[in-house]
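Work through these exercises with the model open beside you. Try each task before reading its solution.

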Amino acid sequence: MSPTNRHVCVHGHFYQPPRENPWLEEVEVQDSAFPYHDWNTRIAAECYGPNAASRVLNAEKRIVDIVDNYEKISFNFGPTLLAWLERHDPAVYAAILEADRKSRERYSGHGSALAQAYNHLILPLAGPRDKRTQVVWGLADFEHRFGRKPEGMWLPETAVDTATLEILAAEGLLFTVLAPGQAKRVRPFGNGAWTDVTGGRIDPKHPYLCRLPSGAAIAVFFYDGPISRDIAFGRLLENGEGFSARLLGAFSGQTEGTELVHIATDGETYGHHHRFGDMALAYALRTIERDARTRLTVYGEFLEKHPPDCEVEIVEGSSWSCSHGVERWRGDCGCNTGLHPGWHQAWRAPLRQAMDGLRDQLAVLYEREGAALVGEPWKARDDYVRVVLDRSPQNVAAFFSRNAGRELAPQERVRALKLLEMQRHAQLMFTSCGWFFDDITGIETVQVLQYAARAMQLARECGGDDPEPAFIRTIEKAGGNDPRFPHGAAVYEEHVKPAVVDLLRVGVHYAISSLFERYPKKTAIGAYTVAAMGSDRSSAGRQSLLVGRGLVRSEILGEEDRIRFAVLHLGGHDLIAAARPHGGSDGFSKTRAEIKEAFSRSDIPGVIQLMEKHFGPQRFSLRHLFRDVRRKVLDAVLGSALKDVEASMRRVHDDHYPLMQAMRDLQIPVPGTLVATAEFVLNSDLSRLLADRDPDPEKARKLASEFERWGFTMDKALLDFEAERRLNALFESLSEDPEDPGRLEAVEKLFRIVKILALAPNLWKSQNIYFAIKRGLEGEAKNGRAGAGSSEERARLKKIGTQLFFAAS
C-alpha cells in the first residue's frame, strides 16, 4: 500500500443533554456534579476545555507542547451543548469554531465539524414532521455557528432508518456515520451479488453508498467497532503510544487500494470518562502525523478523494448503544448502565406512551390555533430555530414577517410564540437521555418530564384542553426502582410540579431575593426581566419588611404583568412572603401604609394578617427562590452562624491544646472530638493562608509540622482548590507583565507553599497562561523585540515553567 493510501480519522461525538431549567433557560446547580456547579461545567473542565489545549508529554512526562485536538479530528457537538458553551465558556466555544476553520486549511477545504440532529431525539421513533424539524434545526444551528454548510450529520445514538436517511439526502447532506452492526448487506457497483454482513462483519475501511427508495443516495461510513469499544470501555487510552499503535496496526497490509481506519466514540471519552484521555489522543495524533506511511483525514475529504465503489443496505431501526435496535428508548430490553444490578426499566414504555400521547394532542392544538397566526404551522416551526438562535426584537419581527402573512397584534404575537415554544418543548421532551439510564428518578428523566410540564402549561395558556391529568395517569404506570418514588407520577409530583414557573413566581423570587441583594432598576432573572416600580424597606433589629411592585416580563414570549408583593423577614432563614398580580394602582398605597404602620409598632401578627388580607392566603418562603439564589441566600444566612461555630471550635482547641500535649506525652490517645476540632482549625488556617494576597511560607511550614506531629489529616480537596484558584489569579497577573520581579516572586512563593504542604492543585489553566507567555516571549525574541527583563528574571520564569511540569527548553 503506497504511503498516501493509508488514512486515519478519529471522530468524537461531543454531547450533553440539555440541562436548562425549561422556564428560566439556565442550568441550575446540580449537587451530583460537586465540586462543580453542574455537569456541563464539570465536563467542560474535564473534557471540552482540555481537548482545546491538550498536553503533549515527553518520555519524562514533561510538557513539550499544548495542542488543539479539535483541529485534527472529526467531531460533532450537540447544538444545545454549543449554545451552553457560547454563554458559559466562550473561550472553549471560540476554540471549537476556530478549530473547524483551521481544519479546512488542513483537509483540502473540508472541515472537521459535522452537524447533529438538534436535541438528540431518537429519529426512528419520531414521526416524519419531527424527523424533519430535528434535521432542519440541526443544520440551521450548524450554519449559524460555523458559518458554512455541513457535509455530514451525526445521528443521535447513530439511530437510523431509511426515512431518516431520505431527509438527510433531501437536505443535501453527503454522508453519515454508523456502527458496523448497522450494516445489513453490501455489493459492488454494477448489480453484483449481495453479501450478508450482519453482526458487524462489514469492512469498515471504505465508505459505502446507500441507495434510497426516492432515487436519492447518501454515503455511509461504518466505524471500526473493536477499536472504538476498546477506547470507550477498555484501557486503550492509558497511553498515547498504545493508542496510536492500535490504529496504525489496523491496516490490512495490502499493497493495493486505499484504506481508512476510523473510530467513533463519545467525545467525553477523552478526558471525562478517561482522565487524561485528551492527552493520549494528542500524543496518538502527533505520532500518526509523523508516520510517513499514513495521513490523518476527515470524512468529507476522504469521501471526495475516494468515493464509494460498493453499496449498502442498513439494518432498519438500529443504533450503536442498543443491541435490540431502538428498544432502549421505549422498552425494558435489558440495555442499561450496569450500575444497578437487579433494577428493571419497565418504566420506559409508559413514559414513551405518555410522551407520544402528549405530542399528538399538542400537535392538534398547534395546527388548529397556529394556522390563524403563522399560516403554515409546520413550516413556521421549522423556521422557528432562527428565533431560538437570536431572540432580538428585530429577528423576531423578521420571523413573523416571513411566516404570519399579516401584522399581528401584540397579544397575537404572544399567543403565537407560546404555541411555538410549546412545540419546542415538545421536541425537547423526547431527548434520548430521558430513557437511556436506569431509573425514572434520574436527573435526565426528570429533565424531560419538566419539558413536558412546560409544554402542557403553554397548552393550557393557549386555550387547549388540559393534557396533564391524562399524562399523569399514564406515567403512574411507569413503576420505578426507588421505593420513595414508586412510579412516574410520584416523581412528577416531587420533582416537576414544584419547578413550574409563571410570572407571579418570578415576581416572588424577585421580592424575596431583594431582601438579600440590591438589584438595579431592571434586572434579568433567567429568561425573564423585572423592572422595579418602587419598593419600601423597613428594619427593626433582626427583622425587616419589604413592600413593593415590579413589572415582570418573559423575554422569550413578550408577555408581562405587574406584581405587588410584601416580604417579612424575621431573621435568619425565617421569612414570609406574599404576592399577587398588581391589577392597577388603586389601593396599593393604602396597603403599603397599613403594613408598614403595623411593622413600625412591632405588631408582627398584625403584619401577617394584613399580608393575608391584601394578598390572599398563599404564602411563600425561601423554598420558592430559584435554586442557585436559594443556595446563595442560605449560605449568607449561615455565614454568621458558621463564624460563631469556628470561633467556638478555636476556643476549644486553644483551651485544650496543653491537655492534648500532656496526653500525647503520656501516650494516651487523644479523644476524637478534640482531634476533629484541631483538624478543623488547622485546615481553616491553611485555607486562609492560601487565600491571602501575601501568604507566608514559614507559617505554612509551621502548620504542616503540626499536621505531621499529630498525624492529623489535611483537607487536600479543599486546599488543592484554594491553591488552584490562587495560582490562576497570580498567573493572570503575571501575563500582564511576565518579567515583573514582584509578580514572579508571588508565584514562586506560592509554589514553595504548595511544595511544603504536598498539594496537587489542578494546574491546567495556569499551564495554559504560562504557555501563552512563553510563546509570546519566544516570538518577541525571534523578531528582535525582546522585553526589558534581565536574564535573571527570564531564568526565574523558566524555573516556574519546570514547576508547571514543562520540559526545559
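**Exercise 1.** Find which residues arginine 688 touches, leaving out those up to four places away in sequence. Then decide how exposed arginine 688 is.

*Solution.* 
- The model is predicted. Start with the contacts: arginine 688 touches Glu646 and Arg650.
- Arginine 688 sits in helix H23, residues 672-691.
- The relative accessible area of arginine 688 is 48%. Buried means under 20% and exposed over 50%. Arginine 688 therefore counts as partly exposed.
- Look along the chain. Isoleucine 595 is 93 residues from arginine 688, and their C-alpha atoms are 44 Å apart.

**Exercise 2.** Describe how helix H27 and helix H28 meet.

*Solution.* 
- Two packed helices are described by the angle and the distance between their axes.
- Locate the helices. H27 covers residues 764-782 and H28 covers residues 791-803.
- Take the distance and the angle. The axes come within 11 Å and cross at roughly 145 degrees.
- The crossing of H27 and H28 is left-handed.
- List the residues. H27 brings Tyr770, Ile773 and Leu777; H28 brings Arg794, Leu797, Lys798 and Gly801.
- Sort them. Four are nonpolar, one is polar and two are charged.

**Exercise 3.** Work out the strand order of the five-stranded open sheet, and find what packs on the sheet.

*Solution.* 
- Read the order: S15-S16-S17-S18-S19, with antiparallel pairing.
- Find the edges. Strand S15 (522-525) and strand S19 (574-581) each pair on one side only.
- Neighbouring strands are turned by 30 degrees against each other on average, direction ignored.
- Find the helix. Helix H20 (residues 588-600) packs on the sheet and touches S16, S17 and strand S18 (560-571). The direction of H20 makes about 155 degrees with that of S17.
- Now zoom in on one pair. Strand S16 (residues 528-540) and strand S17 (residues 543-554) are joined by 11 bridges. Arginine 553 in S17 stands opposite threonine 529.

**Exercise 4.** Classify two aromatic pairs: tyrosine 70 with phenylalanine 77, and phenylalanine 471 with tyrosine 492.

*Solution.* 
- A pair of aromatic rings is described by the distance of the centres and the angle of the planes. The structure holds 29 aromatic pairs.
- Take tyrosine 70 and phenylalanine 77. Their ring centres are 5.7 Å apart and their planes stand at 65 degrees. Over 60 degrees counts as edge-to-face, so this pair is edge-to-face. Both residues are buried.
- Take phenylalanine 471 and tyrosine 492. The distance is 6.0 Å centre to centre, with 55 degrees between the planes. This pair is tilted. Phenylalanine 471 lies in helix H17 and tyrosine 492 in helix H18 (residues 488-496), so the pair ties together parts 21 residues apart in sequence. Both of these residues are buried too.
- Look for a network. Ring pairs link Phe14, Tyr48, Tyr70, Phe75 and Phe77 into a cluster.

**Exercise 5.** Examine the backbone at proline 35, glutamate 157 and alanine 758.

*Solution.* 
- Most residues other than glycine have a negative phi, and most peptide bonds are trans.
- Proline 35 is joined to phenylalanine 34 by a cis peptide bond, with omega about 10 degrees. Proline 35 lies in the loop between strand S1 (6-14) and helix H1 (39-52).
- Glutamate 157 has a positive phi of about 60 degrees. Its loop runs between strand S6 (153-154) and helix H5 (162-170). At 9% relative accessibility, glutamate 157 is buried.
- Alanine 758 has a positive phi of about 55 degrees. Its loop runs between helix H26 (741-756) and H27. At 52% relative accessibility, alanine 758 is exposed.

Technical notes: Residues are numbered from 1 along each chain as its sequence is written. This is a predicted model: local features need pLDDT of at least 70, side-chain atom pairs count only at pLDDT 80 or more; totals for chains, interfaces and linings use all residues. Side-chain values use heavy atoms; hydrogens and water are left out. Axes are lines fitted to C-alpha atoms, for helices over the stretch in contact, and angles run from 0 to 180 degrees between N-to-C directions. Helices (H or I, at least four residues) and strands (E, at least two) are DSSP runs, numbered from the N terminus. A crossing is left-handed if the near helix is turned anticlockwise from the far one by less than a right angle, and right-handed if clockwise. Contact means heavy atoms within 4.5 Å. Ala, Val, Leu, Ile, Met, Phe, Trp, Tyr, Cys and Pro count as nonpolar, Asp, Glu, Lys and Arg as charged, and the others, Gly among them, as polar. Two strands pair if DSSP finds at least two bridges between them. Rings of Phe, Tyr and Trp (its six-membered ring) pair if their centres lie within 6.5 Å; planes under 30 degrees apart count as stacked, over 60 as edge-to-face and the rest as tilted. Buried means under 20% relative accessible area, exposed over 50%, partly exposed in between (1.4 Å probe, protein chains only).
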